[in-house]
Amino acid sequence: MRDRADGADDLAAPASPSDRAWAALRDGLALADRGVPREAAEVLARALGDLDAAPVSGDTELVRARLLLALAMPQFEVDGDGDACDTRLAGALDLARGIDAASVVVAVHGQRALHALRTGNPDAALAHFDAAIELIDDSEPRDACILLLNRGSLHLDRGDLVAARADLGACVARAEAMGDAMLLFKSSHNLGYAEFLAGDLPQALTAMERAAQTHLPDVGLDLSALPIALLDRAQVLFEAGLVGEADERLARAGSLFEERGLEQDLAEVEVLRAR
């Protein structure tokens, strides 16, 4: 699993005309975390429009940059408009440089990496992730954790289990320090997926189940609401010969992907169901 939306820890802004924008940013990030990009994009885009009425200040420019950054990938998931995604990320970068917001600059690299992944360029994605993690000391704590989670996921895709475990283990440690249950779930779940790729199917299932039971109740979710996690679990069950159980999870994942307009992920489900 990857985290598909940028996080931000500088959200506890003092009272200002942009307070509603900060609140909307929190809401939009939470929706993106839960894998509902259409709803996230609606909240974030509306907040950007509302922000036009606020007086320009360092705070409004920072939240505007964060909104553009947070909107880029959810909106791309909905409409597939890569040029618009690039424009939003470039706008966030320009705003960040204008107010010396180094943490946003780092996060832009992370979102560009995700965009490269979703458009089939894993080498460019890895270059962006590496560039971001070189600057990780400038990053907000949650952004840093997300960078490690996402680069770890890319290492899994590339079969580099040593690098994947290093990044995911570092994400677990940071998520524990922050008390972020969703990131703890995702990084712990992905460590289970690393066990699957290493050929230890029982350990993979155990780790994934433990991650779900330990962390998802803290965010008011269960596995049935997270299609990417269902897809991962189904792959392990399929390889273990539990075809019926795998297909049940794939059917649920496919339904969720279809509801959310995530056609690329739906296609991956259909390929596995065909197998």
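Visitor: How many of the 13 residues of helix 11 are buried?

Guide: Eleven of them, so helix 11 is mostly covered. Buried means under 20% relative accessible area and exposed means over 50%, with partly exposed in between, using a 1.4 Å probe and protein chains only. Helices here are DSSP runs of H or I, at least four residues long, numbered from the N terminus.

Visitor: Before we go on, what sort of model is this, and which pLDDT limits apply?

Guide: It's a predicted model: local features need pLDDT of at least 70 and side-chain atom pairs count only at pLDDT 80 or more, while totals for chains, interfaces and linings use all residues. Residues are numbered from 1 along each chain as its sequence is written, and side-chain values use heavy atoms, with hydrogens and water left out.

Visitor: Back to helix 11, then. Which residues are buried there?

Guide: The run from Pro-227 through Ile-228, Ala-229, Leu-230, Leu-231, Asp-232, Arg-233, Ala-234, Gln-235 and Val-236 to Leu-237. Note that Asp-232, Arg-233 and Gln-235 are on that list.

Visitor: And what do they pack against?

Guide: The buried residues of helix 11 pack against helix 9, helix 10, helix 12 (243-259) and helix 13 (263-274). Contact here means heavy atoms within 4.5 Å.

Visitor: What about the length of helix 11?

Guide: From first C-alpha to last, helix 11 reaches 18 Å, close to the 18 Å expected. That expected span is 1.5 Å times one less than the number of residues. After helix 11 comes Gly-241, with a positive phi near 85 degrees.

Visitor: Let's hop over to helix 10. Which residues are buried there?

Guide: Leu-201, Ala-204, Ala-207, Met-208, Ala-211, Ala-212 and His-215. Looking down the axis, they fall within an arc of 130 degrees, so they line one face of helix 10. The arc is taken from the directions from the helix axis to the C-beta atoms.

Visitor: Why would that spacing work in general?

Guide: An α-helix has 3.6 residues a turn, so residues three or four places apart point the same way.

Visitor: What sits on the face turned away, and what covers the buried side?

Guide: Pro-202 and Gln-213 are the exposed residues on the face turned away. The cover over the buried residues includes helix 9 (181-197) and helix 11 (227-239).

Visitor: What caps the N-terminal end of helix 10?

Guide: Asp-200 does, with a side-chain oxygen 3.1 Å from the backbone nitrogen of Gln-203.

Visitor: New topic: helix 6. Which residues are buried and which are exposed?

Guide: In helix 6 (residues 122-134), Ala-125, Leu-126, Phe-129, Ala-132 and Ile-133 are buried. They cover an arc of only 125 degrees, which puts them on the same side of helix 6. Asp-123 and Glu-134 are exposed on the other side. The buried residues pack against helix 5 (102-118) and helix 7 (141-158).

Visitor: Which residues touch the most other members of the largest nonpolar core?

Guide: Among its 68 residues, those are Leu-25, Leu-67, Leu-69, Val-104, Val-108, Phe-129 and Leu-156. Helix 3 (residues 58-79) gives the largest share, eleven residues. There's a second, separate core of 25 residues, including Met-182, Ala-211, Leu-221 and Leu-237. A nonpolar core means buried Ala, Val, Leu, Ile, Met, Phe, Trp, Tyr and Cys residues joined through side-chain atoms within 4.5 Å.

Visitor: What about Glu-77, buried or exposed?

Guide: Glu-77 counts as buried, at 12% relative accessibility, and it lies in helix 3. Its side chain makes a polar contact of 3.0 Å with that of Arg-118. A polar contact is a pair of N or O atoms within 3.5 Å; within protein, one must be able to donate a hydrogen and the other to accept it, and residues adjacent in sequence count only if both atoms are side-chain atoms.

Visitor: Last one: where is Asp-100, and what is its phi?

Guide: Asp-100 is in the loop between helix 4 and helix 5, and it has a positive phi of about 55 degrees although it is not a glycine. Asp-100 is also exposed, with a relative accessible area of 70%.

Note on methods
Helices (H or I, at least four residues) and strands (E, at least two) are DSSP runs, numbered from the N terminus.
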